[in-house]
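Student: I have a list of terms and would like to see how each one is applied. Can we go through them one by one?

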Amino acid sequence: MVVTLLVELFTMKRILIDNGSSADILYKHAFDQLRIPVDQLKPVKTPLVGFAGETIHPLGSINLSVVAGTAPRQSQVEMTFLVVDTPSPYNAVIPEVVQVWTSGIL
């Protein structure tokens with residue numbers, strides 16, 4: 001399922017909810033659009049394994065406010081995203097568990 005969510009007051013389209021993902025991923029091209037300084041990223045030492053089995057080293061992690069839905073039926077959570085610099089048609093990938101949080105809202 002591909003959704004649109006409000007991330008740090010920015011309407012972010014093309015967010016993939018993936019039941020195989022174990023981390024919240026934000027792609028660098030989307031991170032750059034948020035205009036958050038790179039020095040706000042916290043270091044991450046653990047690499048990720050990509051969809052094709054490749055090893056990806058995150059640029060860092062960042063906590064961001066995410067809102068699903070519109071008033072009066074909306075929900076806001078703080079999510080920790082791993083920022084990666086790799087090509088993707090999506091702006092972010094979040095685990096299926098978030099679908100439970102957004103169910104009934106989206």
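Tutor: Start with burial: a residue is buried under 20% relative accessible area, exposed over 50%, and partly exposed in between, using a 1.4 Å probe and protein chains only. By that rule, buried residues make up 43% of the 106 residues in the protein chain. This is a predicted model, in which local features need pLDDT of at least 70 and side-chain atom pairs count only at pLDDT 80 or more, while totals for chains, interfaces and linings use all residues. Residues are numbered from 1 along each chain as its sequence is written, and side-chain values use heavy atoms, leaving out hydrogens and water.

Student: Why is Ser61 called buried?

Tutor: Its relative accessible area is 10% and the limit for buried is under 20%, so Ser61 is buried. Ser61 is found in strand β6 (residues 60-70). Strands are DSSP runs of E with at least two residues, helices are runs of H or I with at least four, and both are numbered from the N terminus.

Student: What does Ser61 touch, not counting residues up to four places away in sequence?

Tutor: Ser61 touches Gln40, Leu41, Lys42, Val44, Thr80, Phe81 and Leu82. Contact means heavy atoms within 4.5 Å.

Student: How do you know that Asp32 forms a salt bridge with Lys28?

Tutor: A salt bridge needs a side-chain nitrogen of Lys or Arg within 4 Å of a carboxyl oxygen of Asp or Glu. The closest N and O atoms of Asp32 and Lys28 are 3.0 Å apart, so the pair meets the definition. A search of the whole structure finds 1 salt bridge. Side chains of opposite charge can pair when their charged atoms come close.

Student: Where do Asp32 and Lys28 lie?

Tutor: Both lie in helix α1 (residues 28-33), 4 residues apart, which is about one turn of the helix.

Student: Why do Asp32 and Lys28 count as partly exposed?

Tutor: Asp32 has 40% relative accessibility and Lys28 has a relative accessible area of 24%. Both values fall between 20% and 50%, so both residues are partly exposed.

Student: What makes Leu9 exposed?

Tutor: Its relative accessible area is 80%, and exposed means over 50%, so Leu9 qualifies. Leu9 lies in the loop between β1 (2-7) and β2 (10-18). Phi of Leu9 is near 65°, a positive value in a residue other than glycine.

Student: What is phi for Arg14?

Tutor: Arg14 has a positive phi of about 55°, although it is not a glycine. Arg14 is found in strand β2. At 42% relative accessibility, Arg14 counts as partly exposed.

Student: What lines the largest pocket?

Tutor: A pocket is found on a 1 Å grid over the protein atoms alone: it is an open set of points where a 1.4 Å probe fits, with protein on both sides within 12 Å along at least five of seven lines, and lining residues have an atom within 4 Å of a point. The largest pocket is lined by 18 residues, of which Ile25, Tyr27, Val49, Gly50 and Phe51 lie nearest its centre. β3 (24-27) and β4 (48-49) each supply at least two residues of the lining.

Student: Is Phe51 buried or exposed?

Tutor: Phe51 has 65% relative accessibility, which is over 50%, so Phe51 counts as exposed. Phe51 lies in the loop between β4 and β5 (55-56). Leaving aside its neighbours within four places in sequence, Phe51 is in contact with Asp18, Tyr27 and Val93.
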